[in-house]
Amino acid sequence: MTEIAKVTVIGAGLAGSEAAWQIASQGVPVRLYEMRPVVKTPAHHTDQFAELVCSNSLRANGLANAVGVLKEEMRRLNSLVLGAADRNAVPAGGALAVDRDGFSGEITATLHNHPLVEVINEELTHIPEEGIVVIATGPLTSPALSNDIKTLLGEEYFYFYDAAAPIVEKDTIDMSKVYLASRYDKGEAAYLNCPMTEAEFDVFYDALIAAETAELKDFEKEIYFEGCMPIEIMMRRGKQTALFGPMKPVGLVNPHTGKLPYAVVQLRQDNAAGTLYNLVGFQTHLKWGEQKRVFSLIPGLEQADYVRYGVMHRNTFINSPKLLHPTYQMKGHERLFFAGQMTGVEGYVESAASGLIAGINAARAVLGQEGLVFPEDTVLGSMPAYITSADPDHFQPMNANFGLLPKPEKRMRSKREKNELLALRALDSLAGFAAQTGLAYTAPEDEEQSPS
Ligand SMILES: Cc1cc2nc3c(=O)[nH]c(=O)nc-3n(C[C@H](O)[C@H](O)[C@H](O)COP(=O)(O)OP(=O)(O)OC[C@H]3O[C@@H](n4cnc5c(N)ncnc54)[C@H](O)[C@@H]3O)c2cc1C
């Protein structure tokens with residue numbers, strides 16, 4: 001019998017651990033490289049796999065929230081990370097929070113004890129030149145490997161920090177107050193514009209410069225020197241600065257009044273489906289609650305729902321819209337897979353979810369099977385669909401959210417009903433996909449017993 005080739009997984013974080021598990025679960029051997037504790041990162045404290053570097057919460061657990069649906073999908077596909085999280089859960093209301101040592105300890109032991117997993121505690125400084133490789137080295141990828149990846153991808157497609165503006169759901173914008181226009185009517189009217197009077201701008205300005213900001217970690221302080229300025233810092237330099245910058249009204253006559261507004265906040269379409277819009281130039285370091293409070297002073301955004309708040313933090317990630325297939329394979333280098341935060345998915349669960357898909361597909365590549373593109377109406381599939389189809393010129397990482405899923409066929413009365421429908425549709429779609437592709441799938445007990 002011919003020996004099955006080993007897959008190399010680099011990084012035993014949330015994504016790499018899940019990827020290694022999924023590969024080994026398909027009978028394919030894995031060589032898993034983890035540099036800790038030999039080489040440390042600025043945020044990890046232990047030598048354990050899948051260490052949670054900050055909060056011990058994996059966020060909402062129910063189906064009312066997209067990240068809850070994502071967890072349920074992962075449970076059904078035999079996820080190591082979700083299994084360990086459920087077994088090490090601590091009381092946290094509607095959230096899934098874990099005993100961090102128990103959680104990471106279980107994942108570490110499971111992989112160490114797996115007969116198909118060889119663990120090597122070593123920093124890889126170069127991408128191996130042969131074989132199938134999953135690169136899952138996370139937001140704090142070691143500098144040597146970062147340089148090697150940057151050389152492979154091209155400097156312009158590799159980023160060291162994430163300076164993202166908030167993103168809102170289009171359905172929650174008050175469309176009676178905003179207008180569609182491009183500056184000087186050039187090209188198609190691509191922006192939704194939120195106009196402000198001088199009095200509205202003054203109130204907004206005072207609230208913004210006094211709002212509370214999140215604390216920067218020491219290793220994140222370099223960010224501001226890379227030429228990226230948070231909106232609140234720009235505003236603190238003087239009231240006029242933003243009026244000549246991101247809030248400049250020139251060329252944006254308000255068709256409701258026939259006049260130029262005093263200031264404008266522009267919203268740019270963020271996904272192909274047109275369900276999400278970002279606040280152009282509003283990268284910010286304000287605390288999330290403060291963003292909701294201050295940005296609700298922008299006409300049209302009073303009731304807006306945020307699928308992602310603005311952030312500025314150290315984050316190694318790549319331009320996935322240019323570089324990746326939805327299988328998490330690199331275009332033109334299909335033996336290389338990327339997984340985790342570095343692909344532009346954001347969060348513990350999302351990182352593990354991308355590891356799950358990359359792992360399944362890496363094993364399939366070794367076995368000579370075609371890669372699987374998960375359906376876009378599952379939360380698992382909506383993430384690679386987003387990161388590989390977003391605008392490459394303004395690409396920023398993204399959390400799981402219902403705005404990434406195709407709209408329901410019929411209009412629902414309330415957002416709650418719409419989300420319920422999207423959640424059930426996602427789980428149905430995953431069950432159908434698993435049946436069709438032969439993916440190992442565990443139905444929940446009530447589904448198994450149902451007569452249909
Ligand atoms: C400071 C900080 C706080 C965060 N807090 C949260 C939070 O509270 N909630 C949340 O949902 N998300 C949070 N995130 C975002 C993100 O979800 C986590 O970083 C998550 O751990 C990403 O998973 P990952 O598998 O991509 O990377 P990681 O979990 O970081 O795993 C990458 C692994 O690769 C290893 N590695 C790196 N380079 C090499 C190399 N050259 N050779 C071998 N091994 C290597 C690292 O040691 C690490 O173990 C935070 C991120 C940061 C940076």
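**Exercise 1. State which domains line the largest cavity of this predicted model, and describe that lining.**

Step 1. Start with the domains. Domain 1 (7-157 + 318-437) and domain 2 (163-314) each contribute at least three residues to the lining of the largest cavity.

Step 2. Turn to the volume, which is about 100 Å³ for the largest cavity.

Step 3. List the lining. It consists of 13 residues, and those nearest the centre of the cavity are Glu169, Thr275, Phe402, Gly403 and Lys418.

Step 4. Sort the lining by class: five residues are nonpolar, three are polar and five are charged.

**Exercise 2. Find how many cavities of 30 Å³ or more the structure holds, and describe the second largest cavity.**

Step 1. The count is two cavities of 30 Å³ or more.

Step 2. The second largest cavity contains about 60 Å³ of space.

Step 3. Its lining is made up of Arg268, Gln269, Asp270, Asn278, Tyr386, Ala390, Asp391, His394, Phe395 and Gln396.

Step 4. By class, this lining of the second largest cavity has three nonpolar, four polar and three charged residues.

Step 5. Assign the lining to domains. At least three residues come from domain 1 (7-157 + 318-437), and at least three come from domain 2 (163-314).

**Exercise 3. Describe the surroundings of the ligand and its polar contacts.**

Step 1. The ligand is surrounded by 28 residues, and Ala15, Glu34, Gln341, Gly347 and Tyr348 are the closest.

Step 2. Identify the helices that take part. Helix H1 (14-25) and helix H10 (348-366) supply at least two residues each to the shell around the ligand.

Step 3. Sort the shell by class: 11 residues are nonpolar, 13 are polar and four are charged.

Step 4. Arg36 has a polar side-chain atom 2.9 Å from an oxygen atom of the ligand. Leu124 places a backbone N or O atom 2.9 Å from a nitrogen atom of the ligand. In Gln341, a polar backbone atom is 2.8 Å from an oxygen atom of the ligand.

Step 5. Consider the cover. On its own the ligand has 980 Å² of accessible area, and the protein covers 93% of this.

**Exercise 4. Locate a cis peptide bond and a positive phi at a residue that is not a glycine.**

Step 1. The peptide bond between Arg36 and Pro37 is cis, with omega about 0°. Pro37 belongs to the loop between strand E2 (30-34) and strand E3 (57-60).

Step 2. Arg59 is not a glycine, yet its phi is positive, at about 65°. Arg59 is part of strand E3.

Notes:
Residues are numbered from 1 along each chain as its sequence is written. This is a predicted model: local features need pLDDT of at least 70, side-chain atom pairs count only at pLDDT 80 or more; totals for chains, interfaces and linings use all residues. Side-chain values use heavy atoms; hydrogens and water are left out. A residue is near a molecule or strand if one of its heavy atoms lies within 4 Å of it. A polar contact is a pair of N or O atoms within 3.5 Å; within protein, one must be able to donate a hydrogen and the other to accept it, and residues adjacent in sequence count only if both atoms are side-chain atoms. Accessible areas come from the Shrake-Rupley method with a 1.4 Å probe; for residues, only the protein chains shown count as cover. Helices (H or I, at least four residues) and strands (E, at least two) are DSSP runs, numbered from the N terminus. Ala, Val, Leu, Ile, Met, Phe, Trp, Tyr, Cys and Pro count as nonpolar, Asp, Glu, Lys and Arg as charged, and the others, Gly among them, as polar. On a 1 Å grid over the protein atoms alone, a cavity is a set of points where a 1.4 Å probe fits but cannot get out, and a pocket is an open set with protein on both sides within 12 Å along at least five of seven lines; lining residues have an atom within 4 Å of a point. Grid points are joined across faces, edges and corners, and a volume is the space filled by probe spheres set on the points. Domain bounds come from an automatic or database domain assignment.
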